[in-house]
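User: I am new to this structure and would like a short tour. Could we go through it step by step?
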Amino acid sequence: MDTQTRAHAGQDQAGETTWQGHPDPAAPHRDRVERTLGAHNYHPLDVVLTRGSGVWLYDTAGRRYLDCLSAYSAVNQGHCHPRILAALTAQAERLTLTSRAFRHDQLAPLYEDLARLTGAHKVLPMNSGAEAVETALKAVRKWGYEVKGVPEGQAEIIVCANNFHGRTLGIVGFSTDPDARGGYAPFAPGFRVVPFGDADALAQAITPNTVAFLVEPIQGEAGVIMAQPGYFKRVRELCSARNVVLILDEIQTGLGRTGAMLAEEHEGIEADVTLIGKALSGGFYPVSAVLSNESVLGVFQPGQHGSTFGGNPLACAVARAALAVLHDEGMIDNARVQGAYFLERLAALRGPVREARGRGLMLALELEADAGPARLMCERLAARGMLVKDTHGQTLRLSPPLIVTREQIDWACDQLQAVLDAH
């Protein structure tokens, strides 16, 4: 624990860190308001955050926490990065929104930056990750009818079991998570589900009407699930041979999270459509993009798809700064180096640990059943100044900002070990 953190913390009789910050007098009122006026669609940990800087978050009582979620990888560059903040402020003083009815001076430079850094030949900017996914689904269906020659209304898209691509009605219709899809039917047809990591199942599911295969390079929400080496090369070969568009959802895995600009680089492949978002703005603003080629995105003509805010001047300026920071400040290399070290430390933890897995700084610690629910461990870690997210009962997701240091990783692993020892 560093000096600043140690100044806030003491040790209780059980050996866990207790915080000595000032009490928050507004906490009871805030809790009542959230419980009575807010929809109960999240179950957050009981911390109320008010400030962020780098890898750290601070609550309303002045307590400091190491962020090991990064807003689901939206804050890869760290909280409130000064270069991105400066770009946001400068652009907000000039021009924020024109709609795409007019041209503006930030859009073409963003296209150039994305093309140079990702190899994209065509770019369609949107706002949220779910919008990027929906845009891709529309594009590949239209491509199927106009380019591949699939009979109208018969296009099929293959997806993977345990996928997570967003929460819109169209997307949850092909989810296999009962919590995500329960109560929202009827759903749109045209989707087939195959097991993640099973190339033979994919091959068997492809028909003449298959227009695309949509897949995450690593299934994040499912618990940082990785396919066996060689899977994505086989997927690429199958899609090329059968004239199927390969869509990689890199909204969480992309932009440095796995130690490469895009996770596809680890497999030596190139998707036909790549979806990015989250860290594309460094956490400052909703920005996403569909990266593809003329064949797929060329099917859209004026009036057939769009968004009032998609590609607005403020979003473009912020995204350009967020990309520059990742590249210029060595964050992607840091994710690769520190991620390998973090995984090594996780694998060496003692106690009820079933598996440590992941790539770069997209990591998970799966607990044995007798460790108790992972949610309880998250609560105990929060009491020690470390914020982690649980998923699927027994799994902790660990994804700090890409600027995390070895010293901070060592401290995080010390907190994990302490909680495991006390289970």
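Analyst: One term is needed at the start: a residue is called buried when its relative accessible area is under 20%. Please also note that this is a predicted model.

User: What percentage of the residues in the protein is buried?
Analyst: Buried residues account for 52% of the 423 residues.

User: And what does the secondary structure come to?
Analyst: The protein has 15 helices and 19 strands.

User: How does the radius of gyration agree with that of a compact globule?
Analyst: The protein has a radius of gyration of 22 Å, and a compact globule of 423 residues would have one near 22 Å, so the two agree. Along the principal axes, the C-alpha atoms fill a box of roughly 70 × 50 × 45 Å.

User: Changing topic to the backbone: which residues does a cis peptide bond join?
Analyst: A cis bond joins Ala 185 and Pro 186, with omega at about 5°. Pro 186 is in the loop between α8 (178-181) and β8 (191-194). As background, most peptide bonds are trans, and most residues other than glycine have a negative phi.

User: What is phi of Tyr 72, and where does that residue lie?
Analyst: Phi of Tyr 72 is near 55°, a positive value, and the residue lies in helix α3 (residues 70-73). Tyr 72 has a relative accessible area of 25%, so it is partly exposed.

User: And what about phi of Lys 278?
Analyst: Lys 278 also has a positive phi, near 45°. Lys 278 lies in the loop between β13 (273-276) and β14 (288-292), and its relative accessibility of 29% makes it partly exposed.

User: Lastly, how far apart are the mean positions of the positive and negative charges?
Analyst: The mean positions of the 39 positive and 47 negative charges are 2 Å apart.

Technical notes: Residues are numbered from 1 along each chain as its sequence is written. This is a predicted model: local features need pLDDT of at least 70, side-chain atom pairs count only at pLDDT 80 or more; totals for chains, interfaces and linings use all residues. Side-chain values use heavy atoms; hydrogens and water are left out. Helices (H or I, at least four residues) and strands (E, at least two) are DSSP runs, numbered from the N terminus. The radius of gyration is taken over C-alpha atoms; the globule rule is 2.2 Å times the number of residues to the power 0.38. Buried means under 20% relative accessible area, exposed over 50%, partly exposed in between (1.4 Å probe, protein chains only). Lys and Arg count as positive and Asp and Glu as negative; His and the chain ends are not counted. The place of a charge is taken as NZ of Lys, CZ of Arg, CG of Asp or CD of Glu.
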